[in-house]
Amino acid sequence: MPTLLQVMNGEGNSPKIELTTAPGAEYHYSGAGFVLLQRMVEQQTGRPFAAYMADEVFAPLGMTSSSYALSPGFELAAGHTSTGAVIPGKRNRYPESAAAGLYTTVLDLCRLISYLNRAYTASGDIDGPLTRASVHTMLTKGPQPTMGRGVFLAGAGTDRFSYRHDGSNYGFRSLFEGFPKLGAGYAVLANGSDTALVTEIGAAIKKVYGWG
């Protein structure tokens, strides 16, 4: 298992992380960018990323079944291929955990959605890891019109304004979406490689509740 620094230097199973354009000059979907953010958090706090997130984010939000540890102390699902076979080792482990290593449940993800919805619509700061201003920055489009800070945005300026993100690791797929002005949202997790199934479930939820 490579260390985070080894991953950044290209000694894992991904290329070395290098600066190829001036910061802010271009938009790129970048898991490597979140690896750098992970390293920055560890350097600035002097703490492992998993411990920092557990204390500063998961605990305040009541996300008791979420972890960035390589081997969490709770029961884990086994990943499956698109044919239904269990993947080798049941699941991959990712030292680049900010980009690919979150273990969580639908209930915990919905706790996060609920918090972001309430923080976004509140008149002031509420209890939690972020200020109201930070949440608004997160859910406001940046240079890329369909992208906030770490989430995709849709329906800006309407009651069905939403933020969302999907996930794709070997043997696993996920999707979550929140609707701040409706006070609503959902999360779908699957321990299989069928992206279409997760997308279909998400679309069905929005259709049933009239969120789409």
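The chain has 7 helices and 4 strands; helices here are DSSP runs of H or I with at least four residues, strands are runs of E with at least two, and both are numbered from the N terminus. Starting at the N terminus, the order is α-α-α-α-α-α-β-β-β-β-α.

Before we go on, a word on the model. It is predicted, so local features need pLDDT of at least 70 and side-chain atom pairs count only at pLDDT 80 or more, while totals for chains, interfaces and linings use all residues. Residues are numbered from 1 along each chain as its sequence is written, and side-chain values use heavy atoms, with hydrogens and water left out.

Now, which strands pair with β2? Strand β1, residues 152-154, pairs with β2, residues 162-169, in the antiparallel sense over 3 bridges; pairing requires at least two bridges found by DSSP. There you can find L153 opposite Y163 in β2. On to β3, residues 172-179: this strand and β2 are also antiparallel, over 7 bridges, and H165 stands opposite F176 in β3. β2 and β3 make a hairpin with 2 residues between them, and G171 in that turn has a positive phi of about 90°.

Let's step back to the whole chain. Its C-alpha trace spans about 45 × 40 × 35 Å along the principal axes. For 212 residues, a compact globule would have a radius of gyration near 17 Å, and the chain's 18 Å agrees; this radius is taken over C-alpha atoms, and the globule rule is 2.2 Å times the number of residues to the power 0.38.

Finally, how much is buried? Of the 212 residues, 31% are, meaning under 20% relative accessible area with a 1.4 Å probe, counting protein chains only.

Terms used:
Buried means under 20% relative accessible area, exposed over 50%, partly exposed in between (1.4 Å probe, protein chains only).
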